[in-house]
Amino acid sequence: GSNDGTLLSQFKKLGMTVLGVDPANNIAQEANRNGIETLVSYFDQIVASEILTTRGPASAITANNVFAHVDDLVEITQGVRSLLAPDGVFVFEVSYLADVIEKTLFDTIYHEHLSYHSVEPLERFFEAHGMEMIGAYRVMTHGGSLRVCCQLKGGPHAIDGNVVKDLITRERKLGLNRVTTYKKFASDIDTIKNKLYSLLTRLKSEGKSIAAY
């Protein structure tokens, strides 16, 4: 998901060696033309192994707004784990489920988002795959996103446990671990839909113009 290399170009400006991985051939070609070396592929354990063999371990791996698009999170996580240097970090950004529920952000739900992440299950997930979260931070991208930092289990970076703990506490208060929360979410969407339909119908009956973007 390195796209046209915009993010990686900032690392390159800092003097780092960078490598992108993206399955879209046309976008990867554009990145290569712009000096951001990019492999045309999906990232998995095989690609991670090839990169490790030819280039060595990675000090940092990023996956902004792509981790939620992956059907097999185990495969990509195992690839990340095998490619990371002992002191390396894995940083990714995803739409934050707490914001989706709290703000009724149903407009951020679409076909390429296969997962909607929250901190508590992510913490357990990485623990089960030989990694650990060292920090989780709320950012404003896409109406509310979550930026997660991980390392290999037992790595050298200090764990920002209070931040993780505070977000988990908030998630439980929001009821992200209860089915009733999602049933209410669906009901809230229907309410918004009906209100919008009524508004548009009234405006149209009054002969007013409606513009949509």
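1. E120 is buried, with a relative accessible area of 16%, where buried means under 20% relative accessible area, exposed over 50% and partly exposed in between (1.4 Å probe, protein chains only). Its salt-bridge partner is R124, with the closest N and O atoms 3.9 Å apart; a salt bridge here is a side-chain nitrogen of Lys or Arg within 4 Å of a carboxyl oxygen of Asp or Glu. R124 is exposed, at 52% relative accessible area. Both residues belong to helix α6 (residues 119-128) and are 4 residues apart, about one turn of the helix. Helices (H or I, at least four residues) and strands (E, at least two) are DSSP runs, numbered from the N terminus.

2. Concerning the basis of these values, this is a predicted model, in which local features need pLDDT of at least 70 and side-chain atom pairs count only at pLDDT 80 or more, whereas totals for chains, interfaces and linings use all residues. Residues are numbered from 1 along each chain as its sequence is written, and side-chain values use heavy atoms, with hydrogens and water left out.

3. The count of salt bridges comes to 11. One of them pairs R55 with E37, the closest N and O atoms being 2.4 Å apart. R55 lies in helix α3 (residues 45-55) and E37 in the loop between α2 (25-33) and β2 (38-40), so this pair ties together parts that are 18 residues apart in sequence. R55 is partly exposed at 42% relative accessible area, and E37 is partly exposed at 36%.

4. A further salt bridge joins R147 and E93, with 2.8 Å between the closest N and O atoms. Because R147 lies in strand β6 and E93 in strand β4 (residues 84-95), the pair ties together parts that are 54 residues apart in sequence. R147 is partly exposed, with a relative accessible area of 33%, whereas E93 is buried at 3%.

5. Q151 is buried, with a relative accessible area of 0%. Not counting residues up to four places away in sequence, Q151 touches G88, M131, E132, I134, P156 and H157, contact meaning heavy atoms within 4.5 Å.

6. The largest nonpolar core has 40 residues, of which F67, F90, F92, V119, F126 and L146 touch the most other members. Such a core is a set of buried Ala, Val, Leu, Ile, Met, Phe, Trp, Tyr and Cys residues joined through side-chain atoms within 4.5 Å. Leaving aside neighbours within four places in sequence, F126 is in contact with F67, T77, F90, F92, M131, E132, M133 and C150.

7. The whole structure contains 0 disulfides, a disulfide being a pair of cysteine sulfur atoms within 2.5 Å. C149 is in no disulfide, and its nearest cysteine sulfur, that of C150, is 7.4 Å away. C149 counts as buried at 16% relative accessibility, and C150 is buried at 0%.
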